[in-house]
Amino acid sequence: MLIGKETVRSNKSRRYFLLLISPITWFRCFSLIFGRTRARTPRIAFAQYFILSCVIILMIGSCYLFYSVTSDSGEYSLYLSDVAANKTSMYEGRKRFDNLIWRSVLKTFFLGTIFGLIQACNFYLAAQWRQRLCDRFHELLFESSNGCILYETSQKNEDMPRILTSDIKQFTTNFCTVLFGSIFFAGLISVLIAITLASVFLVLAANGDATGILICYSAFVICLLLILPSTQLYNWNLLEQSKLKGILRGYVQRIKTNAECIVLYGSQRVELQYIKRLIGKILNSMLIGSISFALVNFPIQLLTALNGMCTYVMPAIVFFFVRKTQTTELAQAYLTAIPLYSFLITVLGQLLLIIEPALITVTVGDQLWTVLNRLETLEKEYKKRMEYERNYSIRHDDTNRFTLEHFNISIPGNATDGSLLQSDINLDTIRGQCVLISGPSGCGKTSLFRICAGLRPINAKQIILPERRHLLFVPQKPYLPLGNLRFQALFLLEHRCDVKDDDIYQLFKTVNLQYLCERYTFDTVVDWSTVLSVGEQQRLAFLRLFACFTLSSNYDQLIHETLVLFDESTSAVDAKTEHEIYANLVRLQAWFVTISHRASLIDLHTKSLHLYLNRTSEQQEQISNIQLPKNTDDFNANELYEAKQSQAASRSNTNTTERLNWRFVVKIFQFIHLPFSKDDQYLKLQTIIAWIVTLLLLGISTWCTYRFTKQTASLYNVLSDYSSSLISLDSAKQRITSDIVGYAMLMIATPTLFSLTVGGGQTIASLYSRRQMIYLVDFLLDGNENNLLYHSRHLTQIPDFISHDISELNSQLFYFIFGHIYYTGVIGQIILAIILSILLGEQDGGPLGVLVVFLFVVGFFIFTNILSLVFNRWVRLDEIKFSEFVAGHKRIDLQAEQIALTGESACRIEHKEIRERLNSSIHYQMHSGFLYSIIVGIVRLSVVNTYLINYGIPAAIFFYSWYKEGLADPTKASRFVTLSVYMYQLYSSWNYINYFADPLIRIQSIGIRIVNYLEHLRKTKEHQYHLAINGQKREYRRRKSDEASITLNHVNVYVPESSQLLISDINLILAPTDNLIITGPSGCGKSTLLRLLANLIRPNESQATNSNVRICPRQNTIFLCQQLHLIQGTLREQLSYLRQAHGLGPITDDLRVRQLLNEFRLSHLVEQYSMDGQPQSWFRLLSIGEQQRLMMVTALIVGTDMIDLLVLDEITSGCDQHTEQIIYEYLQRSNIQFLSVSHRKEIEEYHTCKMTIDANRHSYVICRNK
């Protein structure tokens, strides 16, 4: 099976850092925001540009304040040095300190406030720019001619919902992060301004010496050169992971959609093995990702270590070994410049941190530019095509004619030359002449339907039909928008408010759907596409037509202007109801063209056109003499179970807003630490080894950080002592020379070990993710009698949990434990903080310094977490609204063809609905962003306080604490200068806890969602298990040659989980030589009976005590339902699918396979695709009729030795009568017993028994065919 190999391979060689430095790419990114999109109103545009101007001014102001705070920090060291050298008295030094400290405090406060305002503007602009981009894409999709672009994008094998939701949000968020910064770093504009300011003032502070600046820039360039190749590997790996996870999500989503079909096949284990292989590929990619993450982390941590060196050690090295003259006055100047060196290397380091969001911005932005270009090109091509068809008189508008002249139908996606399905079709009809178009599957009937709708180009001399607004298209699966039952019925009406409920009820009676009015109110809103069966959806589509033709104010004009085209629109409707519906259309004098296999419809049309596979057509005139039946009042029941499950899933979604409590903490912990299964012993060994190695690396890394801090303080003390005249020049040089080698080794070892620790944490996260993914898919696809996959098919977020959320949960958890690029992990931080607290406490004034650091950090932490409690609620609401936006796009993508065929009204409705969801998502994104900006302001305030605490607090301790206690010794002031090193390390270490809000919020949000859904799954499984124990007696026993294959004794069939009776007291014994067909009106319980036989639903508790069900074992029975599940793979893999489901290997008898394919008129598949050719998406490639025949071949290949019974539910609904005859004649020749559910009378002759269900009396009649 295909797993996106070619796509991944093509992206592997892509140079992402070239995109990063490419002016063209950045021009595209800016053009997406400012050139190719626009705000909704001039007022909104003015607000956006005004806020953009304000944020730039704020960023410039923040750079100046940041420089000013940094410059003040150098003054504190200067005051202490002057006191130590007796250049200033204690009183004068304290007075100067008092004048400076309050200015620094105010500047720091205003700087934090400005950072918060910048981030508020950041989130506002990110949301607004996302809205602009989404509006542009929506405009192209929904306002294109005939919905062509919407239809075309849905046919391509690309994830447009992801592009229109996640990618746009990711692009705008990271684009604003690059420009304006985040909680971890300042924006690009601020950084560039700050670098310029720091460089200029450093040269002035160092008396024109630029050596230190050059060293800082050299350190930055070295780290930049190291990070670029590792970033290339990291980003390629991220894209590969994203593609593999997208494939996994799409595959699980398809399994959930086709859950009933897969459970009926009994192929859960086949799907499970494929998902496990896919998870294995994701694990390998995640392991490579953990290595690449460690490689990316190393240059950033190296620059952090170089920050300490450039701040405290490099000025001393430059002063003592580079400068030609050294004096104590110059030494004091270098002491004053030390905070400026820290400022410069810090902002240079932030350039490295900006690389990650910048790479995401240019990569996703380049993709969005390409997609937008393609959509705009499609729009131009469609307009050009339509203009060409008009100008050259290929397409004419005539309200009263439908003419095809020399009309050709080509294979979709191919050129018309030499790849035609039909050629030279000629048809001429006028209003009132209804046409029936028939022909075998694959002859081009549906293609003709799409060409008439304008979705495909016309290849004909001339086509005449009413203009598009007078055409109504009704496809096989109708379009069902979101809305209540009244809206579904009156969808085609412009004025719906004036229609009375009694009139609507009469419409439901017309199509035999009056029981829906008893089951739901007209204001009920559910997902009708899942609640209603296909037959009910088709009848609802006809109800809309009757509403349009009878309840419109201008209904007479509509009838005489409209042409209705049906494409197998009654394939799931029984013959009686179908005849009544068409008879009513004839009564209304509607003009229609029908595409259908059913020969019974020919009497209801005046003309027929039959298409053949040999590209010829035959036109016939019919004289209609229709006997119009009287309206009936039949009651039909259907299933409520889907609605209940859908509502339960909806409640589970809303429960994600619950507050975190200890119950959830325990459940999240239990989910993370799932027990290992017997098959996972190797994984258990890998996990244990990963834990041991990572903890060992963490211990060594912490020890190296401790030694590095002590060495930094020792080397920094040299410059401080010399500036205070406490040591000589030669002694200073000797102390630096003796320590510098060990210091350099520690400077390399510390970031290396920390990066390996972080990489080890992500390795553990990968192993945990694999265990949890396997557990969840094994839980769903266990293949036991509970059929959890079927009963949980309405839990829509499970694909996201398996593919993305589990890995994100573990990544964030182990970021929190072992560290990230931006912060140290909680284990290392606690150990390091204890060690550094002891080290600081041993210094003069150190205990008070420890107390001050803890008070500051704890204060900021409490305040930040109080705000986080409010913020968490808005984050979860934002996630819910964004999930609804994503779900809306996925639903539109699935129904794109129906929307395009329905016309402009459907496009407007969907555009309005998706716009409302976008507005709601934008609203919550901005609100959560504003709250987050307050948290960012506080966290950034705590970061800026580093300068105040590192340099101001040691001076305050000296001037106030020591002075008041009479311990003031001027020579000890130099020790308090050195105290700043220990204060810096301790405060920086402890201050990381304020960064923990980000991973903790994510862990909490994702964890609550997962445990809620997992608890729902467990309850569902337990419920089904108890039903199985308490239910009726059921036997699975492979029959003997003379034993009945199915036995039903006193069995009642109910609507699932309801007391509503469908069929009463079934008694059936199906002999091994009998083939049974079950017929009856739509909704009478035929499919429900099959689900009962397949054990998908349980009997009602009121079932008789002597009821009994006995059927062939599931491994000896194959169920084929109307909605088929085909895989993505080679032809051999598709044909082997059911063999593997029954424990057999892949097919080896190719001759037998070719015979069956030829028998079922599918030999062209081998010729065109070969048995082992390229993997194909068979569910997209083949028509419905071809899919049904292919699945029949797949079932028959399993062999008569294994299969005793075939259960067929409308398996030939997409086949013409001749093909249907071929299928059943072959089944008769085989030795396999079969049971069919069908509306078609033509196939009754191939069965020995017939069960007819009476929906009104809830009874049945069994008779034997002659």
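Me: What is the volume of the largest cavity?
Reply: The largest cavity of this predicted model has a volume of about 1100 Å³. On a 1 Å grid over the protein atoms alone, a cavity is a set of points where a 1.4 Å probe fits but cannot get out, whereas a pocket is an open set with protein on both sides within 12 Å along at least five of seven lines; lining residues have an atom within 4 Å of a point. Grid points are joined across faces, edges and corners, and a volume is the space filled by probe spheres set on the points.

Me: Which residues are closest to its centre?
Reply: Of the 47 residues that line the largest cavity, those closest to the centre are Thr304, Asn307, Tyr984, Ser988 and Tyr992.

Me: And which element gives the largest share of that lining?
Reply: Helix H11 (268-322) gives the largest share, nine residues. Other elements that give two or more residues include helix H23 (681-723), helix H24 (729-780) and helix H31 (973-991). Helices (H or I, at least four residues) and strands (E, at least two) are DSSP runs, numbered from the N terminus.

Me: How many residues of each class are in the lining of the largest cavity?
Reply: There are 24 nonpolar, 22 polar and one charged residues. In this scheme Ala, Val, Leu, Ile, Met, Phe, Trp, Tyr, Cys and Pro count as nonpolar, Asp, Glu, Lys and Arg as charged, and the others, Gly among them, as polar.

Me: How many cavities of 30 Å³ or more are there?
Reply: The count is eleven. The second largest cavity has a volume of about 140 Å³. Of its 13 lining residues, the closest to the centre are Phe473, Val474, Leu492, Arg544 and Thr902. By class, that lining has eleven nonpolar, one polar and one charged residues.

Me: Which residue forms a salt bridge with Arg908?
Reply: Glu904 does, with the closest N and O atoms 3.9 Å apart. A salt bridge is a side-chain nitrogen of Lys or Arg within 4 Å of a carboxyl oxygen of Asp or Glu. Side chains of opposite charge can pair when their charged atoms come close. Glu904 and Arg908 both lie in helix H30, four residues apart, which is about one turn of the helix.

Me: Are those two buried or exposed?
Reply: Both Glu904 and Arg908 are exposed. Buried means under 20% relative accessible area, exposed over 50%, and partly exposed in between (1.4 Å probe, protein chains only).

Me: How many salt bridges are there, by the way?
Reply: The count comes to 34 salt bridges. Arg36, Arg38, Arg136, Glu139 and Glu376 are linked in a network of them.

Me: What is the N to O distance between Arg136 and Glu376?
Reply: Their side chains meet at 2.9 Å. Arg136 lies in helix H5 and Glu376 in helix H12, so this pair ties together parts that are 240 residues apart in sequence. Arg136 is buried, at 15% relative accessibility, and Glu376 is also buried, with a relative accessible area of 15%. Arg136 also meets Glu139 in a salt bridge, at 3.5 Å.

Me: New topic: how many disulfides are found?
Reply: A search of the whole structure finds zero. A disulfide is a pair of cysteine sulfur atoms within 2.5 Å, and the cysteine sulfur nearest to that of Cys54 belongs to Cys121, 6.7 Å away.

Me: Where is Ile183 found?
Reply: Ile183 is in the loop between helix H7 (160-180) and helix H8 (188-205). It is buried, with a relative accessible area of 3%. Leaving aside residues up to four places away in sequence, Ile183 touches Tyr932, Val936, Val939, Arg940 and Tyr995, where contact means heavy atoms within 4.5 Å.

Me: How should I read the numbering and the values?
Reply: Residues are numbered from 1 along each chain as its sequence is written, and side-chain values use heavy atoms, with hydrogens and water left out. Since the model is predicted, local features need pLDDT of at least 70 and side-chain atom pairs count only at pLDDT 80 or more, while totals for chains, interfaces and linings use all residues.
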